[in-house]
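Okay, thanks for coming, everyone.

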Amino acid sequence: MLGTILGSNTLLVTVLAGAVAGGTSILYAALGEVIAERSGVINVGTEGTMLVGCLAAFVVDVETGHAWLGVLAAAFAGAGLAAVHAFMVVYRGASQLATGLALLFLALGITSLYGENYVSSNITGFLSYKVPLLGSIPVLGPMLFDHDPLVYVSYGLAPATWWFLFRSRWGLLIRTAGERPEALRAYGISPASVRSAAVMLGGAFAGVGGAQLSTALTLTWSEDMTAGRGFIAVALVIFAGWNPLRAVVGAYLFGGAIQLGAVLQVHGYQINQFVLDALPYVLTLAVLAVLERRQNQFAPEALGQNL
Amino acid sequence: MSSSSLPVDNLSGLGGRLAAARDRLTWPALRHAAIRSGWWVGVYLLALVIFGAFVLTRGVDPISMYLSMWHQTITNTYGFGQVIDKMAPFALAGLAVVVPARAGLVNIGGEGQLVIGATAAGGVSIALGTHLTGWAAIVLMALGGMAGGAAWAGIAALLKLAGNVNEAIATLLLNYVAFDVLSYLVYGPWINPAGNGQPVSKPLPSSDYLPTVASVQANIGILFAVAAAVAVILALRNTRWGFALRAVGGNREAARRAGLKVPMLLLSAMLVGGALAGLGGMVQYAGVEGQLVPGVAATFGYTGFLASWLGRHQPAKVLAAAFLLAAIAVSGNALQLSSGLPGEAVNILLGVVLLVVLAQRPRPRAA
């Protein structure tokens, strides 16, 4: 009896493992967005940043056969698109939301222009690697320790992001740019430079999230394959109270909601496909509605306000 | 802005406006206007140059590409008709951003509201069957579309008022849910029994399509959009409601202390916005598609959002922006035919046009 619940192929384990694997791309994007928003800049273009990351990683993997090189390319592509956002909102005073949406269109166009020849390409991508010993623990093993390398990297990245934001000098500068940019200026540091750096770093993270989606999770490239994950990541940042560690919980929760549909169908449960597809978005809204009043106190003071 | 135009706002009546017009016709003012127009031409040219650089990397000659895009949209009657057909939902989705923006709300949900509007119009059409046709059906479909769009925006408004959920995020996420609702219906209860199992709804009877104006090969949906723009201008400028919205958008706390019912005003702004987008969905359904399919009118709402910002939230300018964006969107077909590039690549141009315009620093308003 216990074996059927805790064995490696049961429904529970499959959903939990899928939640981690499927939530990782969202986690990367959400960690990046936490950094950007802590500096005071909202980037709803994260959806587009992830998308260019997906394609950049996939193309480089196809052309060179090196998946890690693809991740590097995705980080640069993400940072590059985010640099446009930074230039627009930090140096040109453009609306953060409108610029983000424009970036989404830019990303949709760029990925269809350069991605059309790669739609049916095959890659080896990242293989999952079962950690010795840890991977054999019931439930926790398949859930946490039988994944692609980018999942393992994300385990380290979330606490590292927390440390970076709350314990390092750089993090202090970023948070000050998001709370009291004028204090930073008085201190002799340009809040514009700090915000730009934070937005680009966030873009690099989102790009890597896209890489996980295309070269580790699905091993395919298709147009608009992020399907709202970037937007969910932006919503998740509020849910997480702008805290990288809490973003982990949220990302896996929504990763689980995305994976649940596929898993239930494999196991022969008849639940309407579209109800399940809507689940991550509805869940996000429900969670925000319950938590938002409390969460708002964590918002950076100058969030969304241009310099 | 030259100082001569400063008193315009304080003058009223025809005499005042004439005097203001005469004041504007001075040489410095004309030179200023010429420089300004030249500047804006340069801004839009920059967008063309940037997109040209992109297609150049795929080995396509930008000049001949732009010429064929121009020929197939502006000087070709069929293409121009398509532009007008697309302009209508784009403009309505843009107005759906304008009205909430007046109250300080960000509606990124035109996409979902438009889809639900189209879905509701399709539902009305299915419910009517052959009982009512022609104008009666069109009016009912329009009302259904507006009600659907308003209801969808209303969800976000209620989440905002009851749960304090950021309306930009809420409307954004609801877009995805809207497409799932549509898919659920056309794969399930509304599937066309004669459709060979394809996920499509029953086709709209030809008598219930929006009439087409033969000389421009476009449906009359554009008249809905123009009428809506005029209505929005009048409502925002000349009614107590429009004034109250502006007060709420300016300073919510001050508006509350002045005795305005802020929650009701926010709700009404979102509902009106949603209704406009829903009407856009109906226009697309009853004017062009005639059938519900998964992903119908995808990205129309987002394009409307771009149009609204391109037109700086001013209804007349939003109409012009919708025309420009519709022309770009339709020219994607030309891109595919003549250059062999994917039609979606024009999304780059859509994005870049807005970026170059947003990059112009807003001028300080004359007090």
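Let's start in chain B: H4(B) and H5(B) cross in a right-handed way. Right-handed here says that the near helix is turned clockwise from the far one by less than a right angle, and left-handed is the anticlockwise case. Helices, by the way, are DSSP runs of H or I with at least four residues, strands are runs of E with at least two, and both are numbered from the N terminus.

Before I go on, the bookkeeping: this is a predicted model, where local features need pLDDT of at least 70, side-chain atom pairs count only at pLDDT 80 or more, and totals for chains, interfaces and linings use all residues. Residues are numbered from 1 along each chain as its sequence is written, and chains are lettered from A and ligands numbered from 1 in the order in which they are written.

Back to that pair. H4(B) covers residues 77-102 and H5(B) covers residues 110-128, and their axes come within 10 Å and cross at roughly 125°. Axes are lines fitted to C-alpha atoms, for helices over the stretch in contact, and angles run from 0 to 180 degrees between N-to-C directions. So the two, H4(B) and H5(B), are oblique to each other; under 35 degrees would be roughly parallel, over 145 roughly antiparallel, 65 to 115 roughly perpendicular, and the rest is oblique. Who touches whom? On H4(B) we have Pro89(B), Ala93(B), Ala96(B) and Val97(B), and on H5(B) Gly110(B), Gln113(B) and Leu114(B). Contact means C-beta atoms, placed from the backbone, within 7 Å. For the classes, Ala, Val, Leu, Ile, Met, Phe, Trp, Tyr, Cys and Pro are nonpolar, Asp, Glu, Lys and Arg are charged, and the others, Gly among them, are polar.

Over to chain A, which has 13 helices and two strands. H3(A), residues 46-64, packs on H11(A) at about 135° with the axes 7 Å apart. H3(A) and H11(A) are therefore oblique to each other, and the crossing is right-handed. Thr46(A), Glu47(A), Gly48(A), Thr49(A) and Met50(A) from H3(A) meet residues of H11(A) including Arg229(A) and Phe231(A). The tally there is four nonpolar, four polar and two charged.

H3(A) has another partner, H4(A), residues 67-91: the axes come within 7 Å and cross at roughly 150°. That crossing is right-handed too. The contact includes Val52(A), Ala56(A) and Val60(A) of H3(A), and Ala74(A), Gly78(A) and Leu81(A) of H4(A). By class, it comes to 13 nonpolar, six polar and one charged.

Which helix holds Gly18(A)? Gly18(A) lies in H2(A), residues 11-38. Gly18(A) counts as buried because it has 21 C-beta neighbours inside 10 Å; the cut-off is 20 or more others for buried, 12 or fewer for exposed, and partly exposed in between, again with C-beta atoms placed from the backbone. Gly256(A) is 238 residues away in sequence, but its C-alpha sits 6.3 Å from that of Gly18(A). Leaving aside neighbours within four places in sequence, Gly18(A) contacts Gly256(A), Gln259(A) and Val263(A).

Last, zooming out: of the 307 residues of chain A, 59% count as buried. Among contacts in chain A between residues at least 6 apart in sequence, 80% join residues at least 24 apart.

Technical notes:
Contact = placed C-beta atoms within 7 Å.
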